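Work through each task with the structure open, then read the solution.

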Amino acid sequence: MTVKSKLLELLEQHKGETLSGQAIATELACTRAAVWKAVKSLREEGYTIEAGPNKGYMLAKETNRLSVEGIRPFLAKPEAVVKLFKEVDSTNQAAKKLAVSGEAGHGAFVIAQRQTAGRGRRGRTFISPEDAGLYLSVILEPSETLKESLLLTTAAATAVYKAVKKVCGISLDIKWVNDLYNQGKKVCGILTEAITDFEGGTIETAIVGIGINLYHEPGSFPEEIKAVVGALYGDKAEAERIDRNLLAAEIVNLLLEETRELKLSKEYVEHNIVPGHKIQIIDGERSRFAKAISICPDGRLLVEEKDGSETRLSFGEVSVAIERHGG
Ligand code: BTN
């Protein structure tokens, strides 16, 4: 770890507090000149570090920049491999490369300030403007059989639900299977991709990609998308009030906790907005209407078909739209 990196971690941990140059030098086991050089370099990167004669250094309290140093102190497993990109095509792709090359394993994650080719489910694009959202992908080695993969997805939605509640104080709605909504608009999408061991039939590695819109950068979303896609906050200034490093760390911490033993969580069931509604089931080119009854313990959605028969829907086979008008 470089002096600059260690200094940033220390300043992030003491945001808004003044630390003397000598105390920092002692803590980092370097000279005061090395501290000064690192401060200069961080300032060049855009960090606001205040300093005064005989006063020491202080990272401005309102600093809210995504950084590995800012995330790490909040991690339940601070030794995890964490890669931050200013710009990347897709964090899922980057995480997959890390996992396949053996560079990183369970609990490692990739996070980016911006994605140039963010991927959604069913080949869709996930619009990922710079700093307007959190874009991260976690590597998991779940060692569960393939049929449990649905519970991996529900666990990811639960982790986001809990992290957003804890850090932002916002109680999101969950839409089966893994979308999260705020005031009727989608604010988070999850793309779980598996690297499977075909012989054993197990998921060797799963990449859980999570994208959360913090606010809408003016002009970044087409009007028709803005009608259905929302954000946690109304604008950038409002979004700056939460610590995005803390939110990222909590999502990862909770994801690791929720996936330790795969089961349907009470939060997933309680905050799910699908059961009780008439839904449209879109299955490739075909679609049909049914009534959503409940979430089964294995994560499938129990529905009542028009002829009164029951079907259990599985992730990947269909997508579901809630019918808001008509009976
Ligand atoms: C969806 O709702 O269709 C899923 C969207 C998933 C987006 C996230 S952003 C981080 C990760 N990297 C990607 O390319 N996709 C996921």
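On a 1 Å grid over the protein atoms alone, a cavity is a set of points where a 1.4 Å probe fits but cannot get out. A volume is the space filled by probe spheres set on such points. The model used here is predicted.

**Exercise 1. The ligand and its shell**

Task: Identify the polar side-chain contacts of the ligand, then describe which elements and residue classes make up the shell around it.

Solution. 
1. Start with the shell: 19 residues surround the ligand, and the closest are S90, Q115, R119, R121 and K186.
2. Take the ligand oxygen atoms. One is 2.7 Å from an N or O atom in the side chain of S90. A polar side-chain atom of K186 lies 2.5 Å from an oxygen atom of the ligand.
3. Take the ligand nitrogen atoms. For one of these, the distance to a polar side-chain atom of T91 is 3.0 Å.
4. Next, the cover: of the 420 Å² of accessible area that the ligand has on its own, the protein covers 99%.
5. Assign the shell to elements. Two or more residues come from each of α5 (91-101), β5 (133-140), β8 (185-197) and β9 (202-213). Strand β8 gives the most, with 4 residues.
6. By class, the shell around the ligand has 5 nonpolar, 10 polar and 4 charged residues.

**Exercise 2. The second largest pocket**

Task: Determine which domains and elements line the second largest pocket.

Solution. 
1. About 390 Å³ of space lies in this pocket.
2. Its lining has 19 residues, and Y47, R65, L66, S67 and Q113 lie nearest the centre.
3. Domain 1 (3-59) and domain 2 (68-270) each provide at least three residues of the lining.
4. Among elements, α1 (3-13) and α4 (68-71) each supply at least two residues, and the largest share, 3 residues, comes from α1.
5. The class count for the lining of the second largest pocket is 6 nonpolar, 4 polar and 9 charged residues.

Technical notes
Residues numbered from 1 in each chain as written. Predicted model: local features only at pLDDT ≥ 70, side-chain atom pairs only at ≥ 80, totals over all residues. Heavy atoms only, no water. Near = heavy atom within 4 Å. Polar contact = N/O pair within 3.5 Å; in protein donor to acceptor, adjacent residues only side chain to side chain. Areas by Shrake-Rupley, 256 points an atom, 1.4 Å probe, with all protein chains shown as cover. Nonpolar A, V, L, I, M, F, W, Y, C, P; charged D, E, K, R; others polar. 1 Å grid on protein atoms, 1.4 Å probe; cavity = no way out; pocket = protein on both sides within 12 Å on 5 of 7 lines; lining within 4 Å. Domains from an automatic or database assignment.
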